[in-house]
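Please look through the sequence and the structure shown below before reading on. The report then takes up a few local features in turn.

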Amino acid sequence: MEETGREAVATAVQRVAGMLQRPDQLDKVEQYRRREARKKASVEARLKAAIQSQLDGVRTGLSQLHNALNDVKDIQRSLIDVNKDWRQSINTIESLKDVKDAVVQHSQLAAAVENLKNIFSVPEIVQETQDLIDQGELLQAHRKLMDLECSRDDLMYEQYRMDSKNTRDMNLIDNYFGDMQKLSEELAKQLWMVIQRSLVTVRRDPTLLVSVVRIIEREEKIDRRMLDRKKQTGFIPPGRPKKWKEKMFNVLDRTVITRIEGTQADTRESDKMWLVRHLEIIRKYVLDDLLVAKNLLDQCFPPHYEIFKKLLSMYHQALSLRMQDLASEDLEANEIVSLLTWVLNTYKSIEMMGNPELAPEVDVNTLQPLLSQEVVDELLSTYMSTLTSNIIGWLRKALETDKKDWLKENEPEADQDGYYQTTLPAIVFQMFEQNLQVATQISEDLKIKVLYLCLQQMSSFLSRYKEEANLYREEHLRNRQYHLCYVQYMVAIINNCQTFKESIISLKKKYLTPVMEELMTSSHACIDAVLDDVAKEGCASLLDEVFMDLEPHLSELMTRKWLAGSNAVDTICVTVEDYFNDFARIKKPCKKKMTIECHRRVVVEYIKAIMLKRITFKNAEERKEGAERMIREAEQFRFLFKKLTAGSGEETEGLCDVIEAIAEVFKLTDPSLLYLEVSTLVSKHPDIRDDHIAALLTMRGDASREMKQTIIETLDKGPTMPNPNYVPIFKEITVPTLTVPKLLK
């Protein structure tokens, strides 16, 4: 208490110090005192009230404890009195044993008298019950059966009460009512037959089904009553509990399983579409059955049976077992697709469990999968493995068919725009499209896997396609008379490459999101590279074909025959134009490149003819005549390729300028100005080499060795400012080394 007092004083001092920190607060001392006095009075009042409440509670508790003690004493006295009375009545109870036996005997006799009529008429009632069962009057038959069972059960119960160990009398009663058990079994058979056909019966005769359900309900009540009596007395009649409700659901379950399994009408040997047909029959039967169960059957059963919910579970379980059985068979690829499509999509679609008429009782989101993920993955793995083998085989067969077409003597078909093509791209991508459509029906993941597989196999296939195209070209080169439509089919091969490109892009856009499309860029790039190679090599082979035919005419250039008036260039132009009539069937990207390349090669071959120094001009007149001829022929080439590139927007005229520039070198009459003309040529074509200049000067015929050396050395010392857009043309032109003057070394 002293410590508490000290703490209180310290707290008070602290509060007062807090209130009187400034001189002007001294005027409010009286106000502070009154306020603290009010707080003190309020606290004291609350303390008094709390203490008073505690005291009242203690007083009440003590009073209740006192009353309880008095009650306990009264009960104790009463128990003592009861004990005295019980001890005094023991002898009286023992003397009433005979009375007890008489009561039991009287009860048995009363039961016997009550059931006497049934006891004597058991055979007659059994026969009547059997007749009612045969006539289909199941409710009346069950009523009579219940009466017989009740009589038997009452007699056996009374016998059990009198002497539970007397099995002889119990067996005697049971044997007397022995036919009754057969009646029960016969009635049960009739009930299960109705239950098995319940989905048909509910539409034709719902009253019969309701009668069966009422009989089962009666038996369930009797079962419960007998089980309750067993808990009290230990007695239960033979054959109880019957558990007909449980048996009814077992019968329904077996019926559902049999119905699902019985829908397979065909086998793979008799019908390739056996599985599709089987699954479609299952879908139709299950949907029809559930609609009947929801709309009709549910009304014939008590609500607590939850018959529709139970049937839904049975059908789901039966379907799951059936799908597992089918999945365990050695299915072909198309059968795996049919099964997975049905399991993963059709089952929960509006065509089946998602049907609006089944809602809201059936929620597809709560249905468990018919097949486990492990089984699905195993099927998908088998499918992908089979599909890989099939695609490889299909592609190989398609390529073999295409190769046979290359050997035909008639031209390939043309598309709507007139471009040559073969059926290969259409066959390949039709196959890819079909497999992707199938995969899309199963899952998004499988669709991506199949597309990746198609692109992967496409890459391998195109490598083989490239090899076969090369072999085709090499075989043609060995005997150019063998393949009559070589050019046309090589054009078709080039066009196929473009078609493949377009089809791959279309396929990816159709089946991939932009994100996934971006992820597959690398595989697409590899395919594009192979296609570009095939197209490039095809174009090169066609140009080689052209220049093999041009070779005799190119060899006439820059010869005395040419100077005398050869029509070699006319023939070259006609030949090129004739070939390009076929090349017009090449699609634009490749055709455009071929035209440019052909133009370049014609010019290069023309310049090569100059560099071969087949002719040396003897005088100024020959130089003038040769130069003018070169200018005319350059114009011919320019006109030809302008005609061939009409509408392409490609400028190719500059290639012929080099011929005219060389012609100007030959045409020059003043040798002193030769350096300027040659330097102009070099400035426009910086890739021209010393041996090229030497060959030109040699062909000119009037330049001395010293002049050649001076011109070349002077040009070597001069600065060169190459045009960044210049395309080298002299780079690939070689000059025979034996004819190069030693002074140029």
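## A residue at the end of the first helix

In this predicted model, methionine 19 is buried, because its relative accessible area is 13% and a residue counts as buried when that value is under 20%. Methionine 19 belongs to helix α1, which covers residues 2-19. Between methionine 19 and valine 29 there are 10 residues of separation in sequence, while in space their C-alpha atoms lie 8.8 Å apart.

The peptide bond that joins alanine 359 to proline 360 is cis, with an omega of about 0°, and proline 360 sits in the loop that runs between α14 (333-346) and α15 (373-406).

Lysine 243 is not a glycine, and yet its phi is positive, at about 55°; this residue is found in the loop between α10 (206-233) and α11 (244-261). Lysine 243 counts as partly exposed, because its relative accessibility is 44%. Methionine 558, likewise not a glycine, has a positive phi of about 60° and lies in the loop between α20 (521-554) and α21 (560-565). With a relative accessibility of 0%, methionine 558 counts as buried.

## One side of helix α11

Helix α11 is made of 18 residues, and the distance from its first C-alpha to its last is 25 Å, which is close to the 26 Å expected at 1.5 Å a residue. Which residues of α11 are buried? They are Trp244, Met248, Phe249, Val251, Leu252, Val256 and Ile260. These residues cover an arc of only 165° around the axis, and therefore they are on the same side of α11.

## Aromatic rings

A search through the whole structure finds 16 aromatic pairs. In one of them, the ring centres of phenylalanine 580 and phenylalanine 583 are 4.9 Å apart and the ring planes stand at 75°, so the pair is edge-to-face, given that planes over 60 degrees apart are counted in this way. Both residues belong to helix α22 (residues 568-583), and because they are 3 residues apart there, about one helical turn separates them. Phenylalanine 580 is buried, with a relative accessible area of 4%, and phenylalanine 583 is buried as well, with a value of 0%.

A further edge-to-face pair is formed by phenylalanine 617 and phenylalanine 666, whose ring centres are 5.4 Å apart and whose planes are at 75°. This pair links distant parts of the chain, 49 residues apart, since phenylalanine 617 is in the loop between α23 (588-611) and α24 (620-644), whereas phenylalanine 666 is in helix α25 (residues 654-667). Phenylalanine 617 counts as buried at 1% relative accessibility, and phenylalanine 666 counts as buried at 0%. Elsewhere, one aromatic cluster is formed by Trp406, Phe429, Phe432, Phe461, Tyr465, Tyr472, Tyr486 and Phe500.

## Cavities

Helices α6 (138-162) and α8 (178-196) each supply at least two residues of the lining, and α8 gives the most, with 3 residues.

Notes
Residues numbered from 1 in each chain as written. Predicted model: local features only at pLDDT ≥ 70, side-chain atom pairs only at ≥ 80, totals over all residues. Heavy atoms only, no water. Helix = DSSP H or I, 4+ residues; strand = E, 2+ residues; numbered from the N terminus. Buried < 20%, exposed > 50% of the residue type's maximum accessible area, 1.4 Å probe, protein only. Expected span 1.5 Å × (residues − 1). Arc of directions from axis to C-beta. Phe/Tyr/Trp six-rings, centres within 6.5 Å; stacked < 30°, edge-to-face > 60°.
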